[in-house]
Amino acid sequence: MNPGQPSELVVPRRGKWDGELDKVKTALYLLAFQGLIGAFDTLFYHEWKARLPARGRRAAPELALHSARDFFYGVLFCTLPWLAPKGEWTIVLLGVIAAEIILTLWDFVVEIAVRRDLGDVYAGERVTHAVMGIMYGAMLASLAPALNFWWGSPTGLTVEPAAIPEWLRIVLSAMGVGVVGSGLRDLYAALGLPGGGWPWGANDV
């Protein structure tokens with residue numbers, strides 16, 4: 001700029017990846033909300049109302065599905081806030097997402113038989129499941145552009161913390177640990193091992 005000429009306002013130009021980062025941020029907020037609803041569903045309906053762990057082998061098919069699905073949820077909660085699965089690693093992430101969806105659909109069928117002596121799945125639980133399905137779909141839609149970007153990048157599982165507040169990364173990671181712990185509890189109960197129904201007793205179901 002020459003002396004005497006009016007200065008120009010320089011506006012930083014956003015790169016292509018900036019937009020993808022915004023969508024990852026949205027996806028992770030939706031994932032956190034999904035985690036809150038899922039925790040409510042587990043604690044209120046699965047534990048308090050149906051007391052599935054206390055049913056042991058009778059509820060084993062549903063508990064086993066919950067256990068497997070919780071593992072995949074744990075992967076999402078613990079990796080997406082911190083890592084970028086690029087190239088062929090994107091296929092692994094897509095596999096995790098696909099597996100979770102298949103297990104959820106399978107669970108919709110299995111829980112009908114498991115809950116027969118309860119009359120069926122609770123009405124409020126069905127509503128909760130519907131809301132979770134909507135939230136999960138919105139999360140995947142927000143994440144899709146980032147998945148496309150990662151797929152076109154050189155293969156590598158790189159440490160790239162998402163552009164979200166530090167507290168949210170910690171909360172999501174804690175949710176991941178919690179959901180895996182819940183899955184291990186369900187697996188233990190499904191196997192009919194001693195104390196699997198704690199804190200519920202035989203008279204509670």
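**Notes on the predicted model**

1. Asp 120 sits in the loop between α4 and α5. This is a predicted model, and the backbone here deserves a look. Asp 120 is not a glycine, yet its phi is positive, at about 140°. With a relative accessible area of 30%, Asp 120 is partly exposed.

2. Arg 51 is another non-glycine residue with a positive phi, here of about 50°. Its place is the loop between α1 and α2 (52–55). Arg 51 counts as buried because its relative accessibility is 14%, and the cut-off for buried is under 20%. As background, most residues other than glycine have a negative phi, and most peptide bonds are trans.

3. The overall layout comes next. The protein chain has six helices and two strands. From the N terminus the order is α-α-α-β-α-α-β-α. Of its 205 residues, 42% count as buried.

4. The largest pocket holds about 580 Å³ of space. It is lined by 29 residues, and the closest to its centre are Gly 38, Arg 69, Asp 70, Tyr 73 and Met 132. Two or more lining residues come from each of α1 (16–49), α3 (60–79), α4 (89–114), α5 (123–151) and α6. The biggest contributor is α1, with nine residues.

5. Ala 32 belongs to helix α1. Its relative accessibility is 9%, so Ala 32 counts as buried. Between the C-alpha atoms of Ala 32 and Ser 173 there are 9.9 Å, although the two residues are 141 residues apart along the chain. Ser 173 is one of the buried residues of α6.

6. Helix α6 has 25 residues. From its first C-alpha to its last it spans 36 Å, close to the 36 Å expected at 1.5 Å a residue. Its buried residues include Leu 168, Arg 169, Leu 172, Met 175, Gly 176 and Val 179. Further along, Ser 182, Gly 183, Asp 186, Ala 189 and Ala 190 are also among them.

7. A nonpolar surface patch is formed by Val 180, Leu 184, Leu 187, Tyr 188, Leu 191 and Leu 193. Together they have about 500 Å² of accessible area. Leu 191 lies in the segment after α6 (166–190).

8. Two backbone details follow α6. Gly 192, just after the helix, takes a positive phi of about 70°. The peptide bond from Trp 198 to Pro 199 is cis, with omega near 5°. Pro 199 is also placed in the segment after α6.

How values were computed
Residues are numbered from 1 along each chain as its sequence is written. This is a predicted model: local features need pLDDT of at least 70, side-chain atom pairs count only at pLDDT 80 or more; totals for chains, interfaces and linings use all residues. Side-chain values use heavy atoms; hydrogens and water are left out. Patches are made of residues with over 30% relative accessible area and no salt bridge: like charges are joined within 9 Å, nonpolar side chains (Val, Leu, Ile, Met, Phe, Trp, Tyr) within 5 Å. Accessible areas come from the Shrake-Rupley method with a 1.4 Å probe; for residues, only the protein chains shown count as cover. A salt bridge is a side-chain nitrogen of Lys or Arg within 4 Å of a carboxyl oxygen of Asp or Glu. Helices (H or I, at least four residues) and strands (E, at least two) are DSSP runs, numbered from the N terminus. The expected span of a helix is 1.5 Å times one less than its number of residues. Buried means under 20% relative accessible area, exposed over 50%, partly exposed in between (1.4 Å probe, protein chains only). On a 1 Å grid over the protein atoms alone, a cavity is a set of points where a 1.4 Å probe fits but cannot get out, and a pocket is an open set with protein on both sides within 12 Å along at least five of seven lines; lining residues have an atom within 4 Å of a point. Grid points are joined across faces, edges and corners, and a volume is the space filled by probe spheres set on the points.
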